[in-house]
Amino acid sequence: LAKDGGKRATAVYEASLHSAALERLQLRADLERALGAGELVLHYQPTITLGLDDGLAPTVHGFEALVRWQHPERGLLAPVHFVPLAEESGLIVPLGTWVLQEACRSAVALQQPGRPDVAMSVNVAVAQLTAPGFVDLVHASLAESGLAPHLLVLEITETAVLAGADVVAPLLAQLRATGIRIAIDDFGTGYSSLSYLRDLPVDVLKVDKSFVDHVVRDEQGASLAEAIIAMGHSLHLTTVAEGVEDRDQATWLTSAGATYGQGYLWSRPVPLVQAAALLNGAERGVPAP
Ligand code: C2E
Ligand code: MG
Ligand code: MG
Ligand code: MG
């Protein structure tokens with residue numbers, strides 16, 4: 001009986017593995033089609049200048065472009081459902097190209113007479129950064145859209161930088177030489193050493209949400225975040241606190257000297273039209289439900 005039960009369990013397990021594999025294949029084919037069919041969309045989440053925020057009309061410094069997939073059957077899919085898959089399959093390269101070009105165009109559309117300085121951050125996967133021609137692609141995207149290089153920020157995760165430091169650092173230096181800014185995303189999660197950070201050609205540290213979560217009512221959590229922000233200062237980097245959800249966190253981060261904040265407290269990622277409205281101060285953010 002035990003044996004039969006085992007067999008049955010194995011069969012069920014294999015069937016589910018098989019269907020999971022099929023589902024991934026299906027999703028990959030779908031994603032490839034979606035790219036061509038224009039089903040990918042960008043939402044934009046504002047970064048807020050801390051210290052200027054009076055709680056009523058936060059000062060928007062810029063936006064981060066975040067990709068979504070408007071799937072015909074599954075609805076609006078968050079990146080967690082398809083970006084890892086795109087990375088594994090190599091589709092991240094054409095996907096990332098589209099994101100970069102679209103984000104540059106949107107950045108230009110967001111500039112206004114009173115605000116000619118709105119920054120745009122774009123997430124870049126390491127496979128994309130190290131693909132042949134990436135630096136040229138960035139320059140072409142700037143030229144085609146008319147976006148000034150200093151308004152473009154490329155975000156690379158700390159883990160990605162660590163994984164390919166030898167190849168990645170010279171590429172970042174090349175991009176930075178033309179005025180483009182580089183941010184280390186999810187900083188604090190990748191165990192990079194301080195000496196290593198000193199040698200890296202970067203401008204911005206994005207303090208990971210996992211630290212921001214603990215700055216209030218947790219002494220150790222606060223010390224860690226404080227240390228990261230202080231380190232950013234001493235290396236002449238600007239710091240962005242990610243995932244700020246409440247006013248107490250924002251107050252704490254402001255006193256600790258973080259430059260910018262980003263999070264549901266101010267706004268979720270929103271479509272371009274709403275992003276423009278946020279910039280005009282015409283609308284409060286769209287908080288999470
Ligand atoms: P990320 O670059 O660290 O982006 C921040 C993520 O945190 C976004 O999730 C954002 O919606 C979410 N977030 C912002 N504020 C809050 C908050 O207050 N609370 C909580 N709980 N979450 C907050 P999203 O849009 O789901 O993106 C997840 C990740 O997917 C991004 O993390 C980034 O690593 C990746 N990603 C997104 N768009 C792209 C892209 O165009 N290319 C690549 N290569 N990766 C992308
Ligand atoms: Mg990011
Ligand atoms: Mg991040
Ligand atoms: Mg993060």
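Where is the place of histidine 236? Histidine 236 is placed in the loop between helix H10 (219–234) and strand S8 (238–241), where helices (H or I, at least four residues) and strands (E, at least two) are DSSP runs numbered from the N terminus. The phi angle of histidine 236 is near 60°, a positive value in a residue other than glycine. Histidine 236 counts as exposed because its relative accessible area is 74%, given that exposed means over 50%, buried under 20%, and partly exposed in between (1.4 Å probe, protein chains only).

This is a predicted model, in which local features need pLDDT of at least 70 and side-chain atom pairs count only at pLDDT 80 or more, while totals for chains, interfaces and linings use all residues. Residues are numbered from 1 along each chain as its sequence is written, chains are lettered from A and ligands numbered from 1 in the order in which they are written, and side-chain values use heavy atoms, with hydrogens and water left out.

| Protein atom | Ligand 1 atom | Distance |
|---|---|---|
| Valine 67, backbone N or O | nitrogen | 3.2 Å |
| Aspartate 185, polar side-chain atom | oxygen | 2.9 Å |
| Glutamate 242, polar side-chain atom | oxygen | 3.1 Å |

Taken alone, ligand 1 exposes 810 Å², and the protein buries 79% of that, with accessible areas coming from the Shrake-Rupley method with a 1.4 Å probe.

Glutamate 64 is found in strand S2, and it is buried because its relative accessible area is 4%. Glutamate 64 and isoleucine 228 are 164 residues apart in sequence and, C-alpha to C-alpha, 21 Å apart in space.

Aspartate 186 lies in strand S6 and has a positive phi of about 55° although it is not a glycine; with 25% relative accessibility, aspartate 186 counts as partly exposed.

Aspartate 136 has its place in helix H5 (residues 134–145) and, at 56% relative accessibility, counts as exposed. The C-alpha atoms of aspartate 136 and histidine 233, which are 97 residues apart along the chain, are separated by 31 Å.

Methods. A polar contact is a pair of N or O atoms within 3.5 Å; within protein, one must be able to donate a hydrogen and the other to accept it, and residues adjacent in sequence count only if both atoms are side-chain atoms.
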